[in-house]
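Let's work through a few exercises together. Have a look at the chain below, then try each task before you read its solution.

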Amino acid sequence: MRLLLPLVLLVVACGGAVGSPGPSSTLRPEARGALDQIYVDGRSYTLQVDLYRDLMPGPAPTPKRGVGGTIFLRADAESDPPQGLRADKAWLVNGAEIWETVPQPLQTFAADRRNHLSLSVRDGPTWDAGAKVDVVLQLSTSSGTYFIQRRGVQVIGAL
């Protein structure tokens with residue numbers, strides 16, 4: 001029991017969990033200049049983004065839950081994704097606040113030939129529902145690294 005108390009105090013002092021990186025004050029120049037539409041291996045791509053803020057109260061002392069959501073890299077036509085396609089990083093930008101994370105793939109049960117990447121972000125900043133956020137995605141294929149963004153995504157409040 002004596003060893004358990006210091007361990008609990010250490011975990012609480014460190015934030016309680018290992019999660020996504022926290023707020024960042026910088027955005028790479030390539031990410032800052034990202035376009036709303038990119039061309040990769042003969043295909044045109046755009047982002048579809050749905051962001052939410054979980055406002056449901058939990059049992060005390062539950063910390064406020066941050067922004068989360070889904071990011072889809074959508075091809076202009078149904079096709080196979082480019083070889084070696086993967087998501088590297090995502091940035092959510094709300095005014096001067098920038099949050100960097102590594103998006104996680106969503107489980108899909110069938111090959112999605114329209115959304116070549118289906119990704120999840122979670123445990124983000126506690127921005128208010130209604131905030132307008134710019135989302136930048138860094139992705140890689142066997143032919144190179146690309147940056148694409150979606151501007152003005154509204155964070156909805158989920159109950």
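**Exercise 1. Find what Arg151 pairs with, and say which parts of the chain the pair joins.**

Step 1: Arg151 forms a salt bridge with Asp36, and their closest N and O atoms are 3.0 Å apart. A salt bridge here is a side-chain nitrogen of Lys or Arg within 4 Å of a carboxyl oxygen of Asp or Glu.

Step 2: Arg151 sits in strand S10, while Asp36 is in the loop between helix H2 (29-32) and S2, so the pair ties together parts that are 115 residues apart in sequence. Helices (H or I, at least four residues) and strands (E, at least two) are DSSP runs, numbered from the N terminus.

Step 3: Arg151 is partly exposed at 49% relative accessibility, and Asp36 is partly exposed too, at 37%. Buried means under 20% relative accessible area, exposed over 50%, and partly exposed in between (1.4 Å probe, protein chains only).

Before you go on, a word on the source: this is a predicted model, where local features need pLDDT of at least 70, side-chain atom pairs count only at pLDDT 80 or more, and totals for chains, interfaces and linings use all residues. Residues are numbered from 1 along each chain as its sequence is written, and side-chain values use heavy atoms, with hydrogens and water left out.

**Exercise 2. Decide whether Gln149 is buried or exposed, and list its contacts.**

Step 1: Gln149 belongs to strand S10 (residues 144-158).

Step 2: Its relative accessible area is 5%, so Gln149 is buried.

Step 3: Leaving aside neighbours within four places in sequence, Gln149 is in contact (heavy atoms within 4.5 Å) with residues including Arg32, Ala34, Asp36 and Val135.

Step 4: A polar atom of the Gln149 side chain lies 2.7 Å from the backbone oxygen of Ala34.

**Exercise 3. Work out which parts of the chain Arg43 and Asp76 tie together.**

Step 1: Arg43 and Asp76 form a salt bridge, with closest N and O atoms 3.7 Å apart.

Step 2: Arg43 is in strand S3 and Asp76 in the loop between strand S4 (67-75) and strand S5 (86-94), so the pair ties together parts 33 residues apart in sequence.

Step 3: Arg43 is partly exposed at 27%, and Asp76 is partly exposed at 41%.

**Exercise 4. Find where confidence is lowest and where it is highest.**

Step 1: The mean pLDDT of the chain is 84; pLDDT is the predictor's confidence in each residue, from 0 to 100.

Step 2: Confidence is lowest in helix H1 (residues 4-13), at a mean of 38, and highest in strand S9 (residues 132-141), at 97.

Technical notes
A polar contact is a pair of N or O atoms within 3.5 Å; within protein, one must be able to donate a hydrogen and the other to accept it, and residues adjacent in sequence count only if both atoms are side-chain atoms.
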